[in-house]
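Dear colleague,

Please read the notes with the coordinates open beside them.

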Amino acid sequence: MQRVLIIGCSGSGKSTLSTQLQPILKLPLIHLDRYFWKPNWEATQDEEWDQRVAEFAAEEKWIIDGNYSRTLDLRLRRADLIIWLDMPRRVCLYRVIKRWIQYYGRTRPDLNESCPEKIDWAFLRWIWNYPTRTRSRTIGKLQELEPHQQVIIIKNRKQLHAYIEQLRQQHTDTHT
């Protein structure tokens, strides 16, 4: 396992999971949000973004977390392991609001500097509509993967903790 892609709705726990997996798997970690958002929440232009993601995906080893549907196919083709955090919308909404309170006026560790935590109705609507707008498309893309690619779908915190512990155990056993 050299290239791990973590996808899911905002608030599903992608950045938290990738941060937890990095010391276990000892792979370079790339939070896409950190590179997409320039200071003051200025979005990267499409051409520049596509090139940057292509460079990330071309690396031999990585953990990449983030959605960005424009470049999802590129990342999916290169990934050995895809972890889809298919969490309920109420969980994602709760976590985004909790995160907003926790980081109010400050920038999260997984973002570029000068992007203080924010929340608005458009973002909350995006999260609410994720299951109906994006879920079936994600399922379709995962069904098209090559046989050597592993897909893990996690639907709740209990499954998530069990999976992290399983990986921790495998990598402890392998390296002792």
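The notes below take the cysteines and then the salt bridges.

Please keep in mind throughout that this is a predicted model. The count of disulfides comes to zero. For Cys92, the closest cysteine sulfur is that of Cys9, at 4.2 Å, which is too far for a bond, because a disulfide would need the two sulfur atoms within 2.5 Å. Cys115 is likewise in no disulfide, its nearest cysteine sulfur, again that of Cys9, being 19 Å away. Cys92 is buried, with a relative accessible area of 1%, and Cys115 also counts as buried, at 0% relative accessibility.

Turning to the charged side chains, the count of salt bridges comes to 14. One of them joins Asp46 to Arg70, with 3.7 Å between the closest N and O atoms; this pair links distant parts of the chain, since Asp46 lies in helix H3 (residues 46-58) and Arg70 in the loop between strand E5 (62-65) and helix H4 (72-78), 24 residues apart. Asp46 is partly exposed, its relative accessible area being 43%.

Another salt bridge is formed by Asp73 and Lys141, at 2.8 Å from N to O, and it connects helix H4 with helix H7 (residues 135-143) across a separation of 68 residues. Asp73 is partly exposed at 36% relative accessible area, and Lys141 is partly exposed at 21%.

Arg108 and Asp110, finally, meet in a salt bridge at 3.0 Å from N to O, and both residues are buried. They belong to a network of salt bridges that also links Asp33, Arg99 and Glu117.

Conventions. Residues are numbered from 1 along each chain as its sequence is written. This is a predicted model: local features need pLDDT of at least 70, side-chain atom pairs count only at pLDDT 80 or more; totals for chains, interfaces and linings use all residues. Side-chain values use heavy atoms; hydrogens and water are left out. Buried means under 20% relative accessible area, exposed over 50%, partly exposed in between (1.4 Å probe, protein chains only). A salt bridge is a side-chain nitrogen of Lys or Arg within 4 Å of a carboxyl oxygen of Asp or Glu. Helices (H or I, at least four residues) and strands (E, at least two) are DSSP runs, numbered from the N terminus.
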